[in-house]
Amino acid sequence: MIRGRIMTKLYLEDICAGQKFGSGEFSLSAESIKEFAALWDPQVFHLDEVGAKDTFFQGLAASGWQTACITMRLFVTGELQPANGFIGAGIDELRWFRPVRPEDVLHLQSEVLESRPMRSKPGYGIVKVKVLTLDAANQPVQQFVTSMVVEARAKG
């Protein structure tokens, strides 16, 4: 996210394939990983550093669903700002590449894959975006493709 700059709300006509957008950053702590896991994904590798050592992850790791929630936060507060907000029409190809650890700092790189008017709802369109979540070393930790409903400036 570009700090100190007012982000322009974008209409369908402003968004085209190939455009790229960034985001701010989000830091994780061991405590936040354990708190999320206690509520939503209570498995030992998300809850306990000692118990996690003998698991597949060989240490405390954030739930993939926590990574997805953080990604959503970074996405809606990032540089891509649809005029009508973020109205999801689906997520495809959700992948987790590596574990997110305490003290990791995440950010996004998003790329528009497609932008087209909706035939069924004049005045709106579908924007398909590939969203890549990266750690501080720019290593990918998660990726998905989302389709969003975006308001058109021209109303039909």
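I began with the element count, and found 4 helices and 6 strands in the chain; I note here that the model is a predicted one. Reading from the N terminus, I get the order β-β-α-α-α-α-β-β-β-β.

I then looked up the overall dimensions, and the C-alpha trace spans about 60 × 35 × 25 Å along its principal axes. Of the 156 residues in the chain, 40% are buried, and the accessible surface comes to about 8,800 Å², with 54% of that belonging to carbon and sulfur atoms. For contacts with a separation of 6 or more, I find that 69% are between residues 24 or more positions apart.

Next I turned to strand β6, residues 140-151, and asked how many of its 12 residues are buried. The count is 11, so I call β6 mostly covered, taking buried as under 20% relative accessible area.

I went on to the pairing of β6. Strand β5, residues 124-134, runs antiparallel to β6 and is joined to it by 11 bridges; within this pair I located K130, whose bridge partner in β6 is V145. β5 and β6 form a hairpin with 5 residues between them, and in the turn I noted N138, which has a positive phi of about 60°. Strand β3, residues 87-96, is also antiparallel to β6, with 7 bridges joining the two, and here I87 stands opposite V149 of β6.

Last, I checked the charges: the chain carries 17 positive and 18 negative side chains, and I find the centres of the two sets 8 Å apart.

Technical notes. Residues numbered from 1 in each chain as written. Predicted model: local features only at pLDDT ≥ 70, side-chain atom pairs only at ≥ 80, totals over all residues. Heavy atoms only, no water. Buried < 20%, exposed > 50% of the residue type's maximum accessible area, 1.4 Å probe, protein only. Pairing = 2+ DSSP bridges. Contact = heavy atoms within 4.5 Å. Areas by Shrake-Rupley, 256 points an atom, 1.4 Å probe, with all protein chains shown as cover. Lys, Arg positive; Asp, Glu negative; His and termini not counted. Charge placed at Lys NZ, Arg CZ, Asp CG, Glu CD.
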